[in-house]
Amino acid sequence: MMESCNKCNRNPSVYFREYSGEILCKRCFLNSIERKVQRTINKFSMIKFGDHVAVATSGGKDSLVLLSILKSTIDASKGITVSAITIDEGISGYRDESLRIVSAFCSDLGVPLTVLSYEELFGTHMDEAMKLRPSEKLTSCSICGTFRRRAIDLAAEQIGSNVIATAHNLDDEVQTFMINLFSGDVNRIGWNQSSSIYKAGDMKKIKPLSETYEREIVFYALQKGIPFQSEQCPYTNESIREEIRQFLNDLEKAHPGIKYNTYKSTIDISAFIRKRGDLSIIRRACEKCGRDSTEQICSVCKIQEKFKPVG
Ligand code: SF4
Ligand SMILES: [Zn+2]
Ligand SMILES: [Zn+2]
């Protein structure tokens, strides 16, 4: 016979949470994830009365779960506005499917959606950039990631929001920490794990899923019937991230809870690195576009330069 939930002692269980020993029914599992995200939001004072939160929504499971939780747990009655922004990179096949999913999901939730494309913002799109890039050393994800960060900022500014929420989960955060660790760039660890929340000018950037396991987000999406895109990007080249993901999943299987412990360590280590105090980088206006930059010319303008015709 199916064991009953050890939280409500009533409903049949659907989920065994190995790291805590909990056996949960659907309702208690969904509640536990929503409460966890709320706790993360409160712990870091991510959202306050009067905020307009722009949720970067790609169409993957994480961003749709984040949008759904934010919409259902913080709403207009609390003086908070939730909007969705989606960036169209111009990857045919891949992005077309997710745009359909996001658009239908947002209209079901009653969340306004703004879509901006690389083409309109930067004069090129990923399919073209991959053909025109001067060398394979300029990887797809470095072009795309640089453009996406700027595009999300621009979209959030366009709709007048003051908070950008991205759907990085606990697994993403630990993987990024390890990638930086293996690259030998200690300062990057200090910056990157700034982590669940940081201020960039007038814009606050938050990661409300940063303490939630990826596996539990997938299960939440499945239990809630949230339709998410499963198609892989044809240009993905994050092989190290994939290897680290597999390594961490294997570790977690053998030692439940180890990912969360590692996550806690990453927070402490990065705080320690920041406290060392030599991370100061000079911020200035980019000489080309005028936006905030750490160098004379910002990374977006540098990449755009590479696609300009010579002469
Ligand atoms: S995998 Fe790389 S190229 Fe594809 S959407 Fe993500 S960042 Fe862009
Ligand atoms: Zn229950
Ligand atoms: Zn610039």
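Ala, Val, Leu, Ile, Met, Phe, Trp, Tyr, Cys and Pro count here as nonpolar, Asp, Glu, Lys and Arg as charged, and the others, Gly among them, as polar. On that scheme, the shell around ligand 1 splits into four nonpolar, three polar and one charged residues. Its members are Glu89, Ser140, Cys141, Cys144, Gly145, Cys233, Tyr235 and Thr236, each with its C-beta atom, placed from the backbone, within 6 Å of the ligand.

A word on the model: it is predicted, so local features need pLDDT of at least 70 and side-chain atom pairs count only at pLDDT 80 or more, while totals for chains, interfaces and linings use all residues. Residues are numbered from 1 along each chain as its sequence is written, with chains lettered from A and ligands numbered from 1 in the order in which they are written.

As for the fold, the chain holds twelve helices and ten strands (DSSP runs numbered from the N terminus: H or I of at least four residues for helices, E of at least two for strands). The C-alpha trace spans about 75 × 45 × 40 Å along its principal axes.

An automatic or database assignment gives domain 1 (48–280) and domain 2 (281–311). Where the two meet, 13 residues of domain 1 are in contact with eight residues of domain 2, contact being C-beta atoms, placed from the backbone, within 7 Å. Helices H5 (126–132) and H6 (140–158) each supply at least two residues of the domain 1 side, and H6 gives the most, with four. That side of domain 1 has eight nonpolar, four polar and one charged residues.
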